[in-house]
Amino acid sequence: MTQVDTVPAPGAAPAQRPGPVRRPGSVRVLWLLVVVAVLAALLAASVAVGSRAVGWSEILAALGGSQETIGEAAVTKRIPRTVLAAVVGAALGLSGAVMQGVTRNPLADPGVLGINMGASLAVVVGLAWLGLSSATAIVWTAILGAALAAVFVYAVGSLGRGGPTPLKLALAGTATSAALVSFVTAVALPRGDIAESIQSWEIGGVGGASFRGLGSVAPFLVVGFAVSLLSARALNSLALGDELAAGLGERVVLARGVAALGSVLLCGAATAIAGPIGFVGLVVPHVCRLLVGVDHRWLLPFTALTGACLLIASDVLGRIVARPDEIDVGIITALIGAPFFIYIVRRQKVREL
Amino acid sequence: MSATHRLAAEGLTLAYGERAVIEDLDLAVPHGRITAIVGANACGKSTLLRSMSRLLAPRGGQVVLDGRSVHRLPAKELARTLGLLPQSPIAPEGITVADLVGRGRHPHQGMFSRWKREDDVAVAAALEATQTTELAERAVDELSGGQRQRVWIAMALAQQTDVLLLDEPTTFLDVSHQIEVLDLLTDLNRTRGTTVVMVLHDLNMAARYADHLVALAGGRVHAAGAPDHVLTEETVRAVFGLECRVVVDPTSGRPLMLPIGRHHMTAPAEALAAGEPIS
Amino acid sequence: MTAVVTPPPSSVDAVARYRVRRAARRRLVITVLAVLVVVVFAASLMIGRTFYPPGDVIRVVLGQEVPGATFTVGRLRLPRAVLAVVAGLSFGLAGVTFQTMLRNALASPDVIGITSGAGAAAVFAIVFLGWSGTAVSVTAILAALGVALVMYGLAFTDGVVGTRLILIGIGIAAMGRSVTSYVLSEAGAWDFAEALRWLTGSLNGSTWEATVPALVALVVLAPVLLALTRQLSALQLGDDTASALGIRVDRTRVLAIVAAVGLLAFATAACGPIAFVSFLAGPIAARIVGPNGSLLVPAALVGALLVLVADLVGQFALGSRFPVGVVTGVLGAPYLIYLIVRTNRAGGSL
């Protein structure tokens, strides 16, 4: 309300937006090259490294389609897994960046806000009570669950004074998340047949990846990526506050709704194939802002690339640390992400919480 | 009716981390009088008050009550002599006035001792003195700002201390409630002989209600004494960096400070600052 | 206005009457709660696949031989019901201690990660180190104290107790849960029901060996907290006011944290972190008691009642058997959301 006075007069040139931290283009391009190189290295590592040690000749043979030795078969199984980790990581990173932009909240993340858990619960209910079986139906259910959870958490978190402050949103998300976990357990427990796989709906992983599973969510991911990336300009306006964004000619409610839809599509689809994976969407945007600044036109593609890097790296780490077993990638991201969350909380000024 | 207490700071140095706020400060609080501490923002007046009530340990020097350092006195013993009302005390949700005031009895109760008649008498007296008896069963959350401040003072009164320290007791109150609270403190001082030490923002209120005015600047006492002697144009210039005129308040006979700004002056500021008569 | 030095007797009497009325109300609530705990405790000994009349149950408890009942009641139901009461009292008491001390209903040990830290350490000691009994309890208590210390360091040094502490706790709780999940995923031989004990808390398979350490901890530590009742009430007024009232703030806080964490850790080592009991007990007790004095005893009783009732519901009221933590989780999380909604509406602090 108080910002009304600061809306530029009609005569002022709205095109000259107060520039967010401007980075020289060369720095951004440099970082882009670095991130792409890191991603390529991680992709290679993810295919090469696993609980079974394999030689380079076998890897090359497997990439060529051969499955003659056990080593080659193992590598063949790692390929879809790597692709899945890259896609899910990109989706979660981008989803988190859009969510932080839409809510103007540094703690927003599909995991922290309970949105991934909403997708999980919807899928478990669908499996246990509605007899869902087709992959497409599961994705639709997951996205519906994610959307419902997002709307619910945002509604609870924005009640009262000060609108959706980081504290209120994080609390609403945590509470909702806890409630949803209890419901997931309660729904799945009496069903012995799906109770065995219940853990994959509480902790996300990319271990059981296949190209067929990936194919069923591809359309959702494509739409989600497109909508989210196209929201960049609107998010730049929204970053200045609703009043100012409206003053700049942005249709605030519409812009926010579209961006949120893109974000929910991405994290719902990611949860549908990999289960709930937290903190990727929290960590990645913060790191990327340090690298390329706060202009969403650069930030959003960067978060997708960096998200892919983070999730592949976490997955590889989970395979190395616990040899000959594996640690689910959802556990690794929580162990990396939670301290980062604490760091952000400590850095924030109190009155902004 | 109360024993004579001597409260003083001797060579007191106070610091937050590396930054010294108060340095080598000496201050004697006159017994049975009202002392007001004034000074510019962040000059250390609240810090000084916190240290006098042992909330902040000194870096150097000491705060002495009747010849003993307050930081070495047993906590409860000190709390029976010296009470403190912090700037923004916290009322738990839903607590009633009587309950809150009753908590002031803590230093007079042993770990397992039961509530005694004298506790009820102290609470009733505190409620009467602050005119909050009618509010006793109300929730503190529901009260107005002025009522709430009187309830907090009632809690400090139930503590039955001879010395009462208050950190900006009139902040957030409108002018009539400010007068109400300061009148109440004056009553306590006159009828019970309670020694009152308070940090005040408003120089004119301080000059009107204090018997003893302490002006802090740069972590030291710049001037201390009767308001007539302390509230002068020179002191205000030195302590606040503000030009002003000091006249005699026609309602109280105490000094009244009139600031000189850059606007709305009937005469040129230089002339006023030079002490030419107004009007 | 003239200040009154000696108040009129009538107003002293009014103050005394009001105080007595409040104390009576508090005593009534405590009595009713205690009776309810005893009744549900007795019921949980009688109810089951086979119903045993009160006479049989009493004879078993007194040590007499009753065919069938001696095993079912004496070996299965009695340790389970006793653990339910002990864990409920411990969680309730520890939870309300934290909530009172930090002046915030959300600052309960299960929201700020202390319980999940204890649970993660306990399951780690069991799975990876092959420990059992007291060693597990000690590991749990050390981990919980560690978490409390980290929280203290991270949040208190900033001079801010409220929101920052809670958010940091949310982060720590997430780490504790993921460690637990990792340990469970490593313990391949375990069945799902056993895993749930460490994720949400369960009383299934309670034994005397698990119950006794928690009982001893309760007997030792509960009096410590009860002796701190007045100090904790004063801390509610803020550190400065409490200090001015003659409270040694730091000493009180350290003592209360150690005692509360001890209660939590021993109970958690016995039955897992039963979801939301320590969070729920305090606010529910506050609703029942009203502004009539300390909540420590009522909250402990509410905690015991919650665990007993939730365990009965989980065992018998629903088609299949649910561990107690799933029931309290399903009940507790919506209440947490309700509390957030209510507080956000009012615009106050929790």
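**Helices, an interface and a sheet**

Modeller: Helix 13 of chain A and helix 15 of chain A cross in the left-handed sense (the near helix is turned anticlockwise from the far one by less than a right angle; clockwise would be right-handed). Helices are DSSP runs of H or I, at least four residues, and strands are runs of E, at least two, numbered from the N terminus. This is a predicted model: local features need pLDDT of at least 70, side-chain atom pairs need 80 or more, and totals for chains, interfaces and linings use all residues. Residues count from 1 along each chain as its sequence is written, and chains are lettered from A and ligands numbered from 1 in the order written.

Biologist: Which residues of helix 13 of chain A meet helix 15 of chain A?

Modeller: A:V280, A:L282, A:V283 and A:H286. Their partners in helix 15 of chain A include A:F340 and A:F341. Contact means C-beta atoms, placed from the backbone, within 7 Å.

Biologist: Switching topic. How many residues does each chain give to the contact of chain C with chain A?

Modeller: Chain C gives 36 residues and chain A gives 36.

Biologist: Which helix of chain C gives the most?

Modeller: Helix 6 of chain C, with 14 residues.

Biologist: Now chain B. How do strand 1 and strand 2 of chain B pair?

Modeller: Antiparallel, over seven bridges. Pairing takes at least two DSSP bridges. B:L7 sits opposite B:V29. The two strands form a hairpin with two residues between them, and B:G17 in the turn has a positive phi of about 60°.

Biologist: And strand 4 of chain B, how many bridges to strand 1 of chain B?

Modeller: Five, also antiparallel. B:T13 has B:G60 as its bridge partner there.

Technical notes. Contact = placed C-beta atoms within 7 Å.
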